Amino acid sequence: MTVLDVVAAENKTIVKPLEGKVAIVTGGSRGIGAAIARELADKGAHVAINYQSRSDAADEVIKDIEENEGSAIAVKADVSNSQDIADLIEEVKNKYGKIDILVNNAGITRDRTFRRLSEEEWNEVINVNLNSVYNTTSAVINHMLEQKSGRVINISSIIGQAGGFGQTNYAAAKAGMIGFTKSLALETARNGITVNAVCPGFIGTEMVQAMPEDVLSKVVAKVPMQRLGTPEEIAEAVVFLAQADYITGQTINVNGGLYM
Ligand code: NAP
């Protein structure tokens with residue numbers, strides 16, 4: 001609970017700092033994206049939850065949000081497909097009339113040492129994790145420039161900063177997101193748009209739970225805080241950036257001290 005929440009509770013009014021804002025969360029149906037969607041909705045935003053295949057998971061997040069008196073819709077789209085994304089953006093604009101916050105969260109891993117990595121595995125990860133950021137951002141940026149406000153928040157990774165064994169494809173995509181973030185931040189700062197990245201460390205989602213148990217326990221042992229992060233801890237950083245006016249081009253590390 002933030003100080004604002006406490007003050008609001010004491011005054012018996014509910015302050016919703018993102019009231020009336022419209023947010024899109026790619027890959028918002030599971031893991032970190034689902035936590036981001038819930039948290040944005042909790043702060044008052046209308047949230048479009050993008051997913052690719054698991055509509056049941058997206059529906060579950062919407063149910064939670066609605067039970068909490070929030071507002072959300074689910075939109076199926078493959079982030080690596082520019083036409084799907086153009087359609088998604090149109091659907092959200094038609095429904096809510098604007099877009100204020102874009103969270104580029106959808107991502108996959110296809111881990112393999114570079115010698116064994118296929119061209120298909122390389123391309124798949126670059127397309128879903130990095131070309132997706134081009135697809136979504138290019139589809140909303142003119143709209144944000146016209147309204148002279150916007151937040152683009154890219155979920156990168158500690159692996160994009162420190163590298164990862166068997167993760168050349170993933171590290172390249174995630175490092176690419178950071179360079180993209182800084183460059184677009186420079187180009188749009190004077191137009192009321194902020195562009196930032198969040199770099200999670202190891203977070204307890206299906207993506208990380210897919211790691212072999214012995215590898216995962218070695219990773220956790222290296223984390224100064226000695227535990228995995230939670231999706232909610234990433235969502236807190238996103239909601240903070242969604243409200244911050246004077247922060248742009250930054251990379252916020254949420255990693256338990258694993259990379260400083
Ligand atoms: P996750 O649990 O595997 O969830 C992935 C989400 O992305 C799902 O909602 C999935 O939807 C969606 N998705 C995958 N491919 C998609 C596509 N082509 N088009 C649209 N949606 C797609 O992953 P996570 O752990 O929450 O990770 C979320 C983000 O954080 C990723 O970018 C990841 O790289 C990054 N990250 C995660 C960690 C970690 O420790 N977990 C650490 C650093 C960074 P469907 O279920 O419908 O396919």
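**The chain and its ligand**

Author: Over residues 21-201 the chain is 52% helix and 19% strand, and the end C-alpha atoms are 28 Å apart. Helices (H or I, at least four residues) and strands (E, at least two) are DSSP runs, numbered from the N terminus. The model is predicted: local features need pLDDT of at least 70, side-chain atom pairs count only at pLDDT 80 or more, and totals for chains, interfaces and linings use all residues. Residues are numbered from 1 along each chain as its sequence is written, and side-chain values use heavy atoms, with hydrogens and water left out.

Reader: What feature does UniProt place at residues 21-201?

Author: The unreviewed UniProt entry gives "domain: Ketoreductase" there. Such annotations may be inferred rather than shown by experiment, and their positions follow the numbering used here, with feature names shortened.

Reader: Which residue does UniProt list for "active site"?

Author: Tyr170, again from an unreviewed entry. Tyr170 sits in helix α7.

Reader: Why is Tyr170 called buried?

Author: Buried means under 20% relative accessible area, exposed over 50%, partly exposed in between (1.4 Å probe, protein chains only). Tyr170 has 7%, so it is buried.

Reader: What is Tyr170 in contact with, leaving aside its neighbours within four places in sequence?

Author: Contact means heavy atoms within 4.5 Å. Tyr170 has such contacts with Ile108, Thr109, Val125, Asn129, Ser157, Ile159 and Met207.

Reader: Which of the 30 residues around the ligand come nearest?

Author: Ser29, Ser53, Asn105, Tyr170 and Thr205. A residue counts as near if one of its heavy atoms lies within 4 Å of the molecule or strand.

Reader: How much of the ligand does the protein bury?

Author: The protein buries 96% of the 890 Å² that the ligand exposes when taken alone. These areas come from the Shrake-Rupley method with a 1.4 Å probe; for residues, only the protein chains shown count as cover.

Reader: Why is Asn50 called buried?

Author: Asn50 has a relative accessible area of 2%, so it is buried. Asn50 is found in strand β2.
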